[in-house]
Amino acid sequence: MKSEELFALLRRRGIVWPTAEIYGGAQGLYDYGPLGAALKRRIEEAWTAWFVGLSHDYYRIDPAEILPEAVVRASGHLENFTDPEVTCENCHNEFRADTLLEKVRPEGVDGLAPAQIAELVRSEKVQCPRCGSSALSVPRPFNMMFGLDFGVTGKERVYLRPETAQSSYLAFPRMWDVGRHALPLGIAVVGRAYRNEIAPRQLLFRLRAFTQAELQIFFDPASFDLPFERVREERLPVLRVDRRTAGEERPEWVAAGELARPGGLPEFYVFHLAHTYRFYRDVLGIAAERLRLFEKSDQERAFYNRIQFDVEAELESLGGYKELGAVHYRGDYDLSRHGEGSGKDLSVTLNGGRRVLPHVLELTFGPDRTLWALADLHLRTDGERTVWQLPAYLAPVAAGVFPLIPKAHAELAHHLTDDLVAAGIVARYDGTGTIGKRYARADEAGTPFCVTVDGETLGPGPNHDTVTLRDRDSKAQRRVSRGELIPQLLAALRLPRPVRTDRSLGHRDAESGEPGDDGSERVPPASGA
Ligand code: GAP
């Protein structure tokens with residue numbers, strides 16, 4: 001589906017729409033309606049279960065979104081968080097120079113001086129995409145943070161956080177004090193970040209206010225002991241820098257063990273890269289052949305990173321691979337910068353007396369982009385029928401409950417809805433229109449199960465106290481006793497559970513108590529939407 005078509009569908013269903021729509025919208029800002037907000041929450045809950053669930057020493061916190069200037073100065077964002085901006089001197093529109101140069105320089109312009117970028121714009125005869133003029137200004141670095149005047153006098157400068165990560169670095173010393181005094185320690189934040197993007201575009205892909213889910217793992221670089229054997233055989237779709245420079249775009253399948261061979265990537269990095277890949281494949285349900293782990297070169301990496309692979313999905317609506325998240329090895333960059341900036345020693349004393357400045361591995365994820373990707377990849381149209389084939393546990397509504405004939409069956413259908421909700425299943429009653437229309441509405445919203453109460457439920461025959469349970473994808477219907485309905489739905493809505501990084505915890509199947517053969521565990525579904 002084309003992006004405009006997909007957005008029109010999402011808007012029509014009240015999933016997402018431009019902020020301040022009645023005023024013509026605001027570039028790079030969107031609001032989520034009930035289904036969109038519920039889906040985004042489910043994506044965030046699934047992320048939390050998968051990544052914060054890696055260890056009992058990983059925690060989610062909820063810090064403020066505004067940062068004092070000293071923080072963003074120390075973090076390097078004041079100096080380095082820039083994009084090269086050019087202005088068309090004819091029509092006065094502003095553009096990112098790297099976007100204008102995308103065709104001639106697909107690797108981007110990171111690392112080039114403004115004068116070199118200006119020379120490229122000139123030599124490649126780049127024209128304004130709006131008016132076609134070649135009168136483009138000399139590129140200038142444009143800082144993407146939103147600054148605010150703080151307090152009554154307005155003299156204190158503060159910034160909306162450009163990444164949630166900073167809040168976790170600031171929290172580290174406090175979390176160390178209140179915790180077990182042991183590494184690795186994980187601190188996660190799921191919340192809004194703000195960037196004054198020069199060219200907000202591609203709908204949910206380049207927003208000015210967006211959600212990030214980021215886990216910062218603080219670890220001792222001399223000992224990060226992980227059960228690597230649980231991922232060693234996993235084949236990953238990687239596109240390494242050397243193959244990219246040879247013109248390749250498709251990934252090659254390489255076993256995790258091969259990537260982490262002596263002289264290759266560190267095991268701790270590959271372990272989390274594999275874990276992250278499994279999240280996209282096994283939890284978000286994205287087909288493996290649509291995923292790519294894209295290695296960034298020295299010039300392309302964010303200024304704080306030592307190793308960076310972006311997780312990309314191939315999306316029809318946006319015409320190619322797009323970044324949804326990443327695995328960043330940030331070394332000791334953040335704690336040493338904040339140590340210098342605050343004048344506090346952020347190193348810690350480990351059991352045994354050794355002092356260490358922890359390194360950081362960051363697992364970063366974009367729920368807004370992912371919501372779009374799940375619409376692109378899982379919405380199917382088949383003639384008149386549109387079905388959103390979301391994994392069941394992500395669906396905003398898990399079960400639609402319908403009375404076949406509202407006048408006769410509404411009361412029981414309402415009771416049944418209440419019972420499902422009380423059991424932690426997001427259920428919605430729908431008694432409007434024909435049963436076919438109700439199925440169609442549920443299919444388009446991604447509701448995996450529909451339960452119908454009919455005359456047989458209430459009658460004295462063999463189907464007394466049974467309901468029909470319809471499966472969204474196969475359209476198959478079967479009768480289920482009311483007593484069996486909740487356990488069956490709960491089982492079908494279970495979220496896959498992550499491999500633990502703590503060796504002592506092993507990895508057991510929560511239902512059978514047996515270790516899972518693929519290294520995964522099962523947990524009960526998160527409840528409520
Ligand atoms: N803490 C690291 C960091 O912020 P990033 O690559 O700039 O790294 C991480 O952002 C993720 O945040 C991206 O992979 C993407 O999913 C999401 N993201 C970044 N900028 C975004 C934007 N303007 N609109 C929507 N999502 C964005």
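The dialogue below takes up the ligand shell, a pocket and the cavities in turn.

Q: What kind of model is this, and which limits apply to local features and side-chain atom pairs?
A: This is a predicted model, in which local features need pLDDT of at least 70 and side-chain atom pairs count only at pLDDT 80 or more, while totals for chains, interfaces and linings use all residues. Residues are numbered from 1 along each chain as its sequence is written, and side-chain values use heavy atoms, with hydrogens and water left out.

Q: How many residues surround the ligand, and which are the closest?
A: A residue belongs to the surroundings of a molecule if one of its heavy atoms lies within 4 Å of it. Here 21 residues surround the ligand, and the closest are Glu-163, Arg-195, Glu-214, Glu-323 and Glu-362. By class the shell divides into 7 nonpolar, 5 polar and 9 charged residues, where Ala, Val, Leu, Ile, Met, Phe, Trp, Tyr, Cys and Pro count as nonpolar, Asp, Glu, Lys and Arg as charged, and the others, Gly among them, as polar.

Q: Which strands supply at least two residues of that shell?
A: Strands are DSSP runs (E, at least two residues), as helices are (H or I, at least four), numbered from the N terminus. In this model β11 (209-219), β16 (320-331) and β19 (359-365) each supply at least two residues, and β16 gives the largest share, 5 residues.

Q: What is the distance from a ligand nitrogen to the side chain of Glu-214?
A: A polar contact is a pair of N or O atoms within 3.5 Å. A ligand nitrogen lies 2.5 Å from an N or O atom in the side chain of Glu-214, and a ligand nitrogen is 2.9 Å from a polar backbone atom of Leu-207.

Q: Where does the second largest pocket lie?
A: On a 1 Å grid over the protein atoms alone, a pocket is an open set of points with protein on both sides within 12 Å along at least five of seven lines, a cavity is a set where a 1.4 Å probe fits but cannot get out, and lining residues have an atom within 4 Å of a point. The second largest pocket lies between domain 1 (3-63 + 164-224 + 308-380) and domain 2 (82-143), because both give residues to its lining; the domain bounds come from an automatic or database domain assignment. β6 gives the most to this lining, with 3 residues.

Q: How many cavities of 30 Å³ or more are there?
A: A volume is the space filled by probe spheres set on the points, which are joined across faces, edges and corners. The count comes to 2 cavities of 30 Å³ or more, and the second largest cavity, of about 50 Å³, has a lining that includes Asp-57, Trp-176 and His-181.

Key
Polar contact = N/O pair within 3.5 Å; in protein donor to acceptor, adjacent residues only side chain to side chain.
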